[in-house]
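Morning, everyone. Please bring up the model and keep the sequence beside it.

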Amino acid sequence: MLLYTRRAPPKEPKRRSRAGKSEIFHHSWLAFRCGARLSIDDRTADFDLARRPGCAFCKEKKKKCDEGRPQCARCVEHGTECVYEAVKPRQRKKRETPANDGAANPDLEPAALERRLSEASYLSSDFVAEGDDSDGEEGSQSGPMDLSMVVRSKSRSRIPSLAMISPCPARSPLLDFYPPSFGEFSDRPNRRALVDHFCNVLSHLIVFREETGNPFQQLVLPLTQKCSPVMNAVYALASAHLEYRGVENTEKSIYFHNQAIQGLGRLIEQNNKVNRNELLAAIMLLVYYEVLVQKGHSNIVAGHLKGALTVMLANPEPTDPTSVFLERAFRFYDVIAALSNGTAPLSAAPSPGCLQPVSPLGCPDASPLSDVDTLLGMATTLWPIIHRLADLSTLKREVELAVRANAPPSKIAVLRTEFEATMNAIETALTQWQPHLPPNFVPDEEEAGFPTLAPATNNEHAAPEGTEPIATSERARLHSIFHNALAYRHAAFVYLYRTIYTYPRSDDSVQRHARDGLRHCVATVAYEGPMGALLWPLFVTACEAMSPEDRELAARAFDALRRRQGMMNIERAWEIVQEVWRRADWADVVARLGEAGVLQRPGNVQQTKEAARSVARDADLWRKVSRDLGVSIVFG
């Protein structure tokens with residue numbers, strides 16, 4: 001019997017041997033040298049070849065398998081069946097492509113969304129996203145985040161990343177946000193960061209009270225769920241505020257502003273089909289944007305306010321909290337814009353006592369801030385007086401026009417009588433007005449008729465019997481609101497005496513109220529309370545400051561206000577104040593030199609003296625300065 005032996009085939013390189021690795025490297029290197037680029041499938045196939053598992057017998061014996069097919073060498077030697085396990089395909093995450101960036105996705109799981117948003121929130125300041133070319137008309141919910149977004153490197157700078165501005169967002173009482181990225185609004189990190197900045201920074205700077213929640217978060221943000229113009233207006237406002245602070249975004253504020261304007265036009269075309277609150281919220285947010293940006297000499301704010309008034313007149317009796325809050329915002333800017341532009345308010349003056357403080361949702365009746373309005377502070381009862389004060393400039397112009405046009409004496413007499421009666425009534429009302437204080441709030445001790453310019457360091461403030469003492473933080477907030485209201489009162493006096501009565505700057509009444517108003521402004525910023533409505537009284541009183549001490553108070557208040565609020569109109573107002581001081585000082589110097597007989601030469605000297613007298617007589621010098629600088633400022 002003959003014994004036949006079969007020669008074993010040569011062994012293939014083992015998967016951990018140098019030969020296998022060198023072959024794979026040699027294959028890739030040759031492809032690179034020849035100018036070819038390996039595809040992902042080619043490279044995966046090479047490495048899968050080196051990672052294939054051995055047969056079941058070799059695994060059981062814990063021996064290396066040469067992975068021969070159909071049988072390995074060891075199975076042939078032992079005469080056993082050679083069985084290979086099926087190679088499992090690589091598990092890859094399936095990427096879903098959003099159908100529409102603005103469409104809602106009801107199948108989105110909260111757990112998956114929170115995981116994606118947590119991953120997205122850790123984008124560092126060294127990277128920014130590219131390819132963000134959406135039209136901006138997105139709702140609050142959107143499809144899953146596109147993980148294929150291209151990321152490019154960006155050099156490190158001192159400017160913080162937009163996504164890291166406010167790492168601890170506040171949760172809205174009405175919306176279930178997914179912290180820290182506000183994924184309910186957008187899947188884009190830069191837009192979520194804008195909502196985060198609006199909620200945690202900007203919305204707190206423009207209200208007086210929020211003990212149970214911020215009204216903009218409670219009442220305005222829910223409207224963004226179904227209304228893209230409101231959402232884009234929020235983006236525009238937050239982006240403009242960040243741009244002024246030096247934080248750049250991949251989408252500029254002007255882009256969101258244009259999208260909001262276009263969406264607002266489409267809403268208006270729907271006539272009665274549109275939600276009244278959505279339309280009014282979009283308009284008022286655009287008013288805040290225009291006041292904040294202050295680009296050039298324009299009258300866009302007045303146009304927006306006229307549109308808001310038209311919407312309000314279509315439904316004159318608001319009952320829900322959102323309508324009441326938005327109409328209060330309109331009343332504030334209606335009067336402030338009239339005082340800023342020298343025009344009459346668009347709405348009728350409210351009757352005394354008809355305005356009641358607007359509170360945040362869920363606020364208890366026994367709150368220490370129960371008499372404080374969300375947007376007007378303690379000046380709620382003062383606002384009807386200031387509204388009528390803004391009307392006086394129009395009445396004054398009517399009298400002057402009637403005199404120039406040689407109107408009948410009876411008409412001139414009627415107009416003059418109405419003007420003088422209104423003027424005297426407003427002066428009497430301002431003299432008698434005092435802010436309504438909470439029952440358990442006692443202001444700090446006054447020194448020589450003026451409030452202290454810094455918060456008190458002791459806590460020995462006696463509250464009335466039967467009432468609980470107010471916490472230190474609430475006391476500081478109440479003091480700031482209290483001084484803000486008194487600053488409005490003194491600024492109203494200055495406006496009345498300078499603009500309406502046309503008293504000179506050096507008049508004792510003007511200087512006394514200007515000094516008192518500046519001290520109240522400094523006290524407001526010293527207590528570090530709300531400062532969102534401080535710009536108008538500060539500007540009016542600062543323009544009339546003559547002594548170095550008063551101007552130092554104005555500089556301190558403007559510096560603190562600019563650092564706290566970070567808005568463009570504050571910087572513009574300070575520039576105008578400084579130019580007013582320069583021109584007023586020049587006019588005073590020319591007047592003194594003329595009285596001393598130094599300026600006696602004819603020609604240009606006479607023209608200089610005439611110009612100086614014109615500056616000294618100009619009651620609204622700051623308006624001329626604004627026109628010369630080419631800006632239109634609204635003190636909101």
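Let me start with a term. A crossing of two helices is left-handed if the near helix is turned anticlockwise from the far one by less than a right angle, and right-handed if clockwise. Helices here are DSSP runs of H or I, at least four residues long, numbered from the N terminus.

Two notes on the source. This is a predicted model: local features need pLDDT of at least 70, side-chain atom pairs count only at pLDDT 80 or more, and totals for chains, interfaces and linings use all residues. Residues are numbered from 1 along each chain as its sequence is written, and side-chain values use heavy atoms, with hydrogens and water left out.

Now the helix pair. Helix α16 passes α18 in a left-handed crossing. α16 covers residues 508-526 and α18 covers residues 548-565. They pack at an angle of about 35°, with axes 9 Å apart. The axes are lines fitted to C-alpha atoms over the stretch in contact, and angles run from 0 to 180 degrees between N-to-C directions.

Which residues of α16 and α18 meet? On the α16 side, they are Q511, R515, L518, R519, C521, V522 and V525. On the α18 side, they are D550, L553, A554, R556, A557 and A560. Contact means heavy atoms within 4.5 Å. The residues of this contact divide into 8 nonpolar, 1 polar and 4 charged. In that count, Ala, Val, Leu, Ile, Met, Phe, Trp, Tyr, Cys and Pro are nonpolar; Asp, Glu, Lys and Arg are charged; the others, Gly among them, are polar.

Next, salt bridges. The structure holds 18 of them. Each is a side-chain nitrogen of Lys or Arg within 4 Å of a carboxyl oxygen of Asp or Glu.

Take R191 and E251. Their side chains meet in a salt bridge at 2.7 Å, N to O. This pair links distant parts of the chain, 60 residues apart. R191 sits in helix α6 (residues 189-205), and E251 in the loop between α8 (228-244) and α9 (253-269). Both residues are buried. Buried means under 20% relative accessible area, exposed over 50%, and partly exposed in between, with a 1.4 Å probe and protein chains only.

Now look at helix α19, residues 568-595. R582 and E579 both lie there, 3 residues apart, about one turn of the helix. They form a salt bridge at 2.5 Å, N to O. R583 also bridges to E579, with the closest N and O atoms 2.9 Å apart. Salt bridges that share partners join E579, R582, R583, K624 and D628 into one network.

Are these residues buried or exposed? E579 is buried at 18%. R583 is buried at 17%. R582 is partly exposed, at 49%.

Last, aromatics. The whole structure has 21 aromatic pairs. Rings of Phe, Tyr and Trp (its six-membered ring) pair if their centres lie within 6.5 Å; planes under 30 degrees apart are stacked, over 60 edge-to-face, the rest tilted.

F198 and F216 have ring centres 6.3 Å apart and planes at 90°, so they are edge-to-face. F198 lies in α6 and F216 in α7 (residues 215-220), so the pair ties together parts 18 residues apart in sequence. Both are buried.

Y501 and Y503 have centres 5.3 Å apart and planes at 40°, so that pair is tilted. Y501 is buried at 16%, while Y503 is partly exposed at 30%.

One cluster to finish. Ring pairs link F198, F216, Y288, F325, F332, Y333, W383, Y488, Y495 and W536.

Conventions
Helices (H or I, at least four residues) and strands (E, at least two) are DSSP runs, numbered from the N terminus.
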